[in-house]
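Here is a friendly walk through a protein model, with the cut-offs spelled out as they come up. Please take a look at the sequence and coordinates first.

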Amino acid sequence: VSGTQEDDVLWIAMAGTHQVWALMLEGGKLPKGSDLKKGVCLRFAGSGNEENRNNAYPHKAGFAQPSGLSLASEEPWNCLFVADSESSTVRTISLKDGAVKHLVGGERDPLNLFAFGDVDGSGINAKLQHPLGVTWDKKRKLLYVADSYNHKIKVVDPKMKNCATLAGTGEASDVIRSSFTQSAFNEPGGLCVEENGRLMYVADTNNHQIKVLDLETKILSMALPILNPEACDVPDNLPVQKDKITNLPKLPKSAPILQLPSLTVAPGQTIQFLLKLTLPPDSKLNEEAPNSWFIAAEDNTWLLQGQCLSGEIKDVSCETIIPFQLPRSCLSAEAILAVKACLYYCSKGSSACMMKGVSFSQPLQIASTNQGSLTQVELIHAFLTN
């Protein structure tokens, strides 16, 4: 791009407006444009119409939910590769003159956005289905495409306009094999080739994983599973995140505080709180409001290590189970745990709604001997009519 270095422009895929924009990180000039100051953000290509229309003038070209961009700044490419999702194509935008051209996929009718499929081939004979990501391999001069709805990774030779399957069986699954083509993905969405060109990282969206393709040995492995923290063991020595505590709701000042009998427990023991709440007669829960329970321990935050601190209350006609496990390393022999609930309910006969809360204060005596693996504590409260 005239007057700029490779990293002086941030290219932005504007899927919703079917355009590609540019943010000037330094002053310079875009193709067929005037001098621009640092910080300017403007449309670079795309009329805004949802089309598969190529054109020598970038503002007259039409895209259909462009989602992935990759820069190939070196000659002879000097272009942006665009994964144009709804037209199921990969397009190029020249950084010399702004011309938008077809690379692979789709068809010639610019208004037909249903020319999708799963066909290896050249140019328009190749078929993709909702590609989401592209990444340029400088080392091999190849473009990789996350062909999301085909559950595959495709490789494109831009010189020959040839598109072929690199990895994936085409079935939505989670299979890791030494062979790329015997491995399976589930709607892969993002790609990135590392700087030295050996490894490619794939965001395997519906499998909640980052998978790694070794482009030299052709071996696939899993780099990083994205885990649900509530479904895995959490070390006791992890600090409690302050933002989790401060983001918990606050009860109204009128909320009663109910003192529970002291409970003797042991490190590592599980307590199951059984929350049973009753609404006033002729009242109903406002299901659209954030009815919730949450746990607090103002003077004993070490109790909250690794805990699920809040949850939904979906129905007061049945009890809500609130799990809590004491840390295996307890810092004191006595502690107080607060279990709180916040409800929004409305009168059936009118539109009047209100927020009510209740707090249960549970003193804990922590013994060194095992008290059993599970203890249940009932938390019972009936809200009264105002």
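## Ground rules

Buried means under 20% relative accessible area, exposed means over 50%, and partly exposed is in between, with a 1.4 Å probe and protein chains only. At 11% relative accessibility, Glu 51 therefore counts as buried.

This is a predicted model, in which local features need pLDDT of at least 70 and side-chain atom pairs count only at pLDDT 80 or more, while totals for chains, interfaces and linings use all residues. Residues are numbered from 1 along each chain as its sequence is written, and side-chain values use heavy atoms, with hydrogens and water left out.

## Overall picture

The protein has 28 strands and one helix; both are DSSP runs numbered from the N terminus, with helices (H or I) of at least four residues and strands (E) of at least two. Of its 386 residues, 45% are buried.

A contact here means heavy atoms within 4.5 Å. Among contacts with a separation of 6 or more, 54% are between residues 24 or more positions apart. The protein exposes about 19,600 Å², and carbon and sulfur atoms supply 51% of that area; the areas come from the Shrake-Rupley method with a 1.4 Å probe, and for residues only the protein chains shown count as cover.

## Aromatic pairs

Rings of Phe, Tyr and Trp (its six-membered ring) pair if their centres lie within 6.5 Å; planes under 30 degrees apart count as stacked, over 60 as edge-to-face, and the rest as tilted. The whole structure holds four aromatic pairs. One of them is edge-to-face: Trp 77 and Trp 136, at 5.7 Å centre to centre with 65 degrees between the planes. Trp 77 lies in the loop between β6 and β7 and Trp 136 in strand β11, so this pair ties together parts that are 59 residues apart in sequence. Trp 136 is buried, at 6% relative accessible area, and Trp 77, Phe 81 and Trp 136 form one aromatic cluster.

Tyr 345 and Phe 383 make a tilted pair, 6.1 Å centre to centre and 45 degrees between the planes. Since Tyr 345 is in strand β26 and Phe 383 in the segment after β28, the pair ties together parts that are 38 residues apart in sequence. Tyr 345 is buried, with a relative accessible area of 1%, and Phe 383 is buried at 7%.

## Salt bridges

A salt bridge is a side-chain nitrogen of Lys or Arg within 4 Å of a carboxyl oxygen of Asp or Glu. By this rule there are 15 salt bridges. Glu 51 pairs with Arg 53, with the closest N and O atoms 2.8 Å apart; Arg 53 is partly exposed at 30%. Arg 140 and Asp 137 meet at 2.7 Å, N to O. Here Asp 137 is buried at 0%, whereas Arg 140 is partly exposed at 25%.

## A buried lysine

Lys 152 is found in strand β13 (residues 152–157) and is buried, with a relative accessible area of 11%. What does the side chain of Lys 152 make a polar contact with? The partner is the side chain of Asp 118, at 3.0 Å. A polar contact is a pair of N or O atoms within 3.5 Å; within protein, one must be able to donate a hydrogen and the other to accept it, and residues adjacent in sequence count only if both atoms are side-chain atoms.
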